[in-house]
Amino acid sequence: MKIGMIGLGRMGANMTERLLRGGHRVVCYDRNPEAIRQVAEKSAVGVDSLALLAEQLAPPRVVWLMVPSGDPVDQTIQSLIPRLKPDDVIVDGGNSYYKDTLRRAAMLKEKGLYFVDVGTSGGIWGLSEGYSLMIGGDSEVIDRLKPIFQTLAPGPDKGWGRVGPSGAGHFVKMIHNGIEYGLMQAFAEGFALMERKTEFKLDLCQVAEIWRSGSVVRSWLLDLIAKALAENPDLHGIMPNVADSGEGRWMVFEAVDLAVSAPVITLSLLQRLRSRDEDSFADKLLAMMRHEFGGHPLKKEE
């Protein structure tokens, strides 16, 4: 199958390589010429415009987007529309907000085009391990794209599936990422407590290795923790600043809209936001209040 890939960041480039290894032909476009050159070296067809990308694909075309969520997706779709024909398919494999996906699917349907949303998980390990694909859209179109999903997934019959109509794929990925926030925060807090218990002189890498076998909390995240601690036990040189892709925020908004209690995920998101405040006014105010009502000492800036 011949596929158009737009967006050759690390994940887009890795997905392209996995498709090539699976015998698919891939036509690639990115605004960065160097990114195009690198995938072309791996036998992809590199083009320098969306017009050329569309010309290289035989109808019904399949164009896969791996671009940042928000305006970049809308802009790319608008640029593609004049170059596509009815029954062509646009796949959004990025972290788009599911409500944006619903809007885009309805707009493209009016033009005779199909829109498939694929929540994609796997990060930098997807090239070797395969990607978890949560797919939303028309079931007949998804069946048409089955060879692509089977190639990208960990196996032909595992790690991927249609989870519902348009928007469902990105909705499920949003929930997936929210759960990920909570799991990561729990691990981080637990290891922080063990690191602080200095009288036991705990070897955190050893603990992680023990937990990796037989423990209820064994997981891929724990595998990554063990690897990181083996390489850098004190996490030297790492700034305590944690970014978020936006999906955790969207999940918290959804929890409020649906009146579903989600305190763990909500607090894990707030902790990420908190990590970026190097000069926390809130912490200063807390210290001041403790000083005022209890006479607790204040640490002054030098």
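**Close-up 1. Cysteines C205 and C28 in the predicted model.** In this predicted model, C205 has a relative accessibility of 18% and is counted as buried, because the limit for that class is under 20%. C28 is likewise buried, with a relative accessible area of 0%. The count of disulfides comes to 0, the criterion being a pair of cysteine sulfur atoms within 2.5 Å.

Close-up 2. The view shows an open sheet of 8 strands with mixed pairing, in which the strands follow the order 3-2-1-4-5-6-7-8. At its edges lie strand 3 (45–46) and strand 8 (160–164), each of which pairs on one side only. Strands of a sheet pair through backbone hydrogen bonds, in either the parallel or the antiparallel sense.

**Close-up 3. Strand 1 between strand 2 and strand 4, seen around I6.** Strand 1 (residues 2–6) runs parallel to strand 2, to which it is joined by 5 bridges, and it also runs parallel to strand 4 (residues 62–65), to which it is joined by 3 bridges. Strand 2 is mostly covered, with 4 of its 5 residues buried.

**Close-up 4. Helices lying on the sheet.** Helix 1 (residues 10–21) lies across strand 1, strand 2 (25–29), strand 4 and strand 6 (114–121), and its direction is at about 170° to that of strand 1. Helix 4 (residues 71–80) also packs on the sheet, where it touches strand 1, strand 4, strand 5 (89–92) and strand 6, and its direction makes an angle of about 160° with strand 4.

**Close-up 5. Strand 5 and its pairing with strand 4.** Strand 4 and strand 5 pair in the parallel sense over 4 bridges, and within this pairing V63 stands opposite I90 of strand 5. In a regular strand the side chains alternate between the two faces of the sheet. Strand 5 is covered on both faces, with V89 and V91 buried on one side and I90 and D92 buried on the other.

**Close-up 6. The nonpolar cores and the surroundings of V116.** The largest nonpolar core holds 49 residues, and the members that touch the most other members are M5, I6, W64, L65 and V116. When neighbours within four places in sequence are left aside, V116 is in contact with V89, I90, V91 and D92, and also with I135, G136, V141, I142 and L145. In soluble globular proteins, nonpolar side chains tend to be buried together.

**Close-up 7. The crossing of helix 9 and helix 13.** Two packed helices are described by the angle between their axes and the distance between the axes. For helix 9 (residues 168–196) and helix 13 (residues 263–275), the axes come within 8 Å and cross at roughly 70°; the two helices are therefore roughly perpendicular to each other, a class that covers angles from 65 to 115 degrees. Helix 9 contributes G178, I179, Y181, G182, M184 and Q185 to the contact, where they meet V264, I265, S268, L269, Q271 and R272 of helix 13.

**Close-up 8. The loop between helix 2 and strand 3, with S43 and A44.** S43 lies in this loop, between helix 2 and strand 3, and has a positive phi of about 90° although it is not a glycine. A44 is found in the loop between helix 2 (33–40) and strand 3, but whereas S43 counts as exposed at 62% relative accessibility, A44 counts as buried at 8%. Apart from its neighbours within four places in sequence, A44 is in contact with T16, L20, V26, C28 and V39. The C-alpha atoms of A44 and L19 are separated by 9.6 Å, the two residues being 25 residues apart along the chain.

Close-up 9. The peptide bond from P59 to P60 is cis, with omega near -10°, and P60 has its place in the loop between helix 3 (50–56) and strand 4. L235, in the loop between helix 11 (220–231) and helix 12 (247–257), is a residue other than glycine with a positive phi, near 55°. At 41% relative accessibility, L235 counts as partly exposed.

Key. Residues numbered from 1 in each chain as written. Predicted model: local features only at pLDDT ≥ 70, side-chain atom pairs only at ≥ 80, totals over all residues. Heavy atoms only, no water. Buried < 20%, exposed > 50% of the residue type's maximum accessible area, 1.4 Å probe, protein only. Pairing = 2+ DSSP bridges. Contact = heavy atoms within 4.5 Å. Axes fitted to C-alpha atoms, helices over the stretch in contact; angles between N-to-C directions. Core = buried A, V, L, I, M, F, W, Y, C linked by side-chain atoms within 4.5 Å. Parallel < 35°, antiparallel > 145°, perpendicular 65-115°, else oblique.
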